[in-house]
Amino acid sequence: MSGRNDPRGRQGRTEPTLGNLDDLDRPAAPVPAPADDLPRIAIDPSPRRVPPPSRPSSPEPSPRRGWLIPLALLLLVGLITVLWLNQDSLRGLVPRTSFNDVLARATAALDAGRLDGSDGTSARELFQAARALEPDNDRALAGLRSVGQAELAQAQKQLAAGQLDAATRSAAAARELLGGGDEVDRLDRRIAQARTNGVHADDLVDRARAALAAGRLDGNDGAAALFARVLAVDPGNAVAAHGLDQVGGAYADQARKALDAGDAANAASAIDKLASLLPRYGDLPSLRAQQAQVQRAHDDAVNQAVSQGMDALRAGHITGSGDDTALALFQKALALDPQNPDARAGLGKVVQALTVQANALIDSGDTDQARALLDQADALAPKSADLAAARARLRQDDRPAASASASTAGTAAGAPDAATPKQDASLLPAMLSPEQRARVDALVSRARDAAQRGDIMLPPGDSAYDLYRSALAIDGNNTAARAGLQNLPTVVVRLFNQALDDGRLASAGDMLDNLGDLAPGDPSQDQLRNRLATAWLDRAEQQLDTGDRPGAAQSLDRVRKLAPQHPRLPELTARLNAEP
């Protein structure tokens, strides 16, 4: 084979060839049928059907989806963590009906110019109540600052009108709410200057010296106030500063004499005045230490008398001669501490015991002895609701007539059995005219309305207590009047809780006093008193945080009257007495 025709080429390698490509798109020529005389078979061109695979009887989860479960758990844990970390923010999204209501009332009071007061409706009290609900709320804080600015503007107007006393009160309120400031200081100086216009400083000093020599330390014309007026106008006046030190020394002498005599109340009063006048007085720490010792001894004596009184009450030695009865021991405790809540509650229990005995005597017909017991209880707690109800039973004018009617009816029906107990005539329906019945119904209705308004003991004549008593004076057996009068303590407790929830602490205190009058010895008073004392302590702490030291001092004074042994009282008192 020649090399020219060899497809492997010159190198002996076979090269690939595609042939002739010119007729690639031309349709293929038909293939002639074979000449074999055999029958033809047609073939179906459709694809062959493949049976579906059989489904397993128990499918198993794909291993590729196993990661979904731990991922879901991880997301759930993350969501819970986020909610926990942001619970305060989420809580802020929840509607706060009580807080918003108090805040709205505070804003309305501010717009109406009711800046301060003691009935729980002033702007200051309501904003403070809002802060008690949410101490860190910016709107409540801003509201208190707005009240302070309004007090400042009001003081300036009062000063311009010559109303110096009112301007002084408004300026003091502004200082408490705003924490002082240059503008408040300038206003105080202007008020002091206005007070001393026409009066020379030397004249004030002479008057202050004369008051000091006469022992007049307190009051507007006392040595303390006069020396302070001179220093307000002339802070560098050495004579007035020395005079103020002398006043402080006089207060210290009063405190020492009271401490030596064991008079804890007067000692505390003198020391408080000294601390308010000269908080850096040198002997003040030693006086307070001695005061603490005397106060402990005083408290021990009071507690011992109260404990012995409770023992005598349980033993049935309620009243009588001697100093070992429950009445005598509780009165001894109150002589040492007139505001002691345990002693007052014990005295209330004595009143309750006397009233129960009097009712039993009324039931048995011994009205003279019952009247004597009620007179004794009236001297201790004249506003007791149970006592008033018992008095109404005793005052029934128609008792003899009712007794005679009952006796006649019994005779007409036949001779009564000797063993049949005698019917209590005081429980028989009173014979009233239609006008009297209408009058009683009207009084009872007015009494219910007064109770709902919170007019429990005041105003005189229109209070729920007086209206119920007026109804019972006409019909001593009126069921509605007697039940309403005896239910007044329950109404008072409800009003107390409402006032406490709204932050109206002064109103809550009034309700607590009403409860003490209506239900002396009620055991719930201790719990209510502690709740109110805690609320005043919370307010005092907030006032100290905002620099309102005078307001904190007033709040702590309330606590001392309510719960002098409260564990938080010493700590906040120490904060108040510390240097600003």
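## Degrees of exposure

A residue is called buried when its relative accessible area is under 20%, exposed when that value is over 50%, and partly exposed in between. Leu71 has a relative accessible area of 37% and therefore counts as partly exposed. This residue lies in helix α1, which covers residues 68–85. Together with Leu68, Leu74 and Leu75, Leu71 forms a nonpolar patch on the surface. The accessible area of these four residues together is about 390 Å².

## The chain as a whole

The structure described here is a predicted model. Its chain contains 24 helices and zero strands. Of the 580 residues, 36% count as buried. The chain exposes about 34,900 Å², and carbon and sulfur atoms supply 54% of that area.

The contacts also show how parts of the sequence meet. Among contacts with a separation of 6 or more, 55% are made by residues 24 or more positions apart.

In soluble globular proteins, nonpolar side chains tend to be buried together. In this model, the largest nonpolar core has 50 residues, and the members that touch the most other members are Ile456, Leu485, Leu488, Phe496, Leu518 and Leu532. Two or more residues of this core come from each of α16 (385–394), α18 (434–453), α19 (464–474), α20 (479–501), α21 (505–518), α22 (524–545), α23 (549–562) and α24 (569–577). The most is given by α20, with nine residues. A second, separate core has 30 residues, including Ala211, Ala223, Leu244 and Ala258.

Leaving out residues up to four places away in sequence, Leu518 touches Lys383, Ser384, Ala385, Ile456, Met457, Tyr465, Leu488, Pro489 and Val492.

Asp510 is found in helix α21. With a relative accessible area of 43%, Asp510 is partly exposed, because this value falls between the limits of 20% and 50%. Asp510 and Ala499 are eleven residues apart in sequence, and their C-alpha atoms are 9.8 Å apart in space.

The loop between α18 and α19 contains Pro459. The peptide bond from Leu458 to Pro459 is cis, with omega near 0 degrees.

Helix α6 covers residues 164–178, and Ser170 is part of it. Ser170 has a relative accessibility of 4%, which is under 20%, and so Ser170 counts as buried. Apart from neighbours within four places in sequence, Ser170 is in contact with Glu151, Gln154, Ala155 and Gln158. The buried residues of α6 are Leu164, Ala166, Ala167, Ser170, Ala171, Ala173, Ala174, Glu176 and Leu177. An α-helix has 3.6 residues a turn, so residues three or four places apart point the same way.

## Checking the length of two helices

The expected span of a helix is 1.5 Å times one less than its number of residues. Helix α6 has 15 residues and should therefore span 21 Å; its end C-alpha atoms are 20 Å apart, which agrees. After α6 comes Gly179, whose phi is positive, near 70 degrees.

Gly365 follows α14, and its phi is positive, near 90 degrees.

How values were computed: Residues are numbered from 1 along each chain as its sequence is written. This is a predicted model: local features need pLDDT of at least 70, side-chain atom pairs count only at pLDDT 80 or more; totals for chains, interfaces and linings use all residues. Side-chain values use heavy atoms; hydrogens and water are left out. Patches are made of residues with over 30% relative accessible area and no salt bridge: like charges are joined within 9 Å, nonpolar side chains (Val, Leu, Ile, Met, Phe, Trp, Tyr) within 5 Å. Accessible areas come from the Shrake-Rupley method with a 1.4 Å probe; for residues, only the protein chains shown count as cover. A salt bridge is a side-chain nitrogen of Lys or Arg within 4 Å of a carboxyl oxygen of Asp or Glu. Helices (H or I, at least four residues) and strands (E, at least two) are DSSP runs, numbered from the N terminus. Buried means under 20% relative accessible area, exposed over 50%, partly exposed in between (1.4 Å probe, protein chains only). A nonpolar core is a set of buried Ala, Val, Leu, Ile, Met, Phe, Trp, Tyr and Cys residues joined through side-chain atoms within 4.5 Å. Contact means heavy atoms within 4.5 Å.
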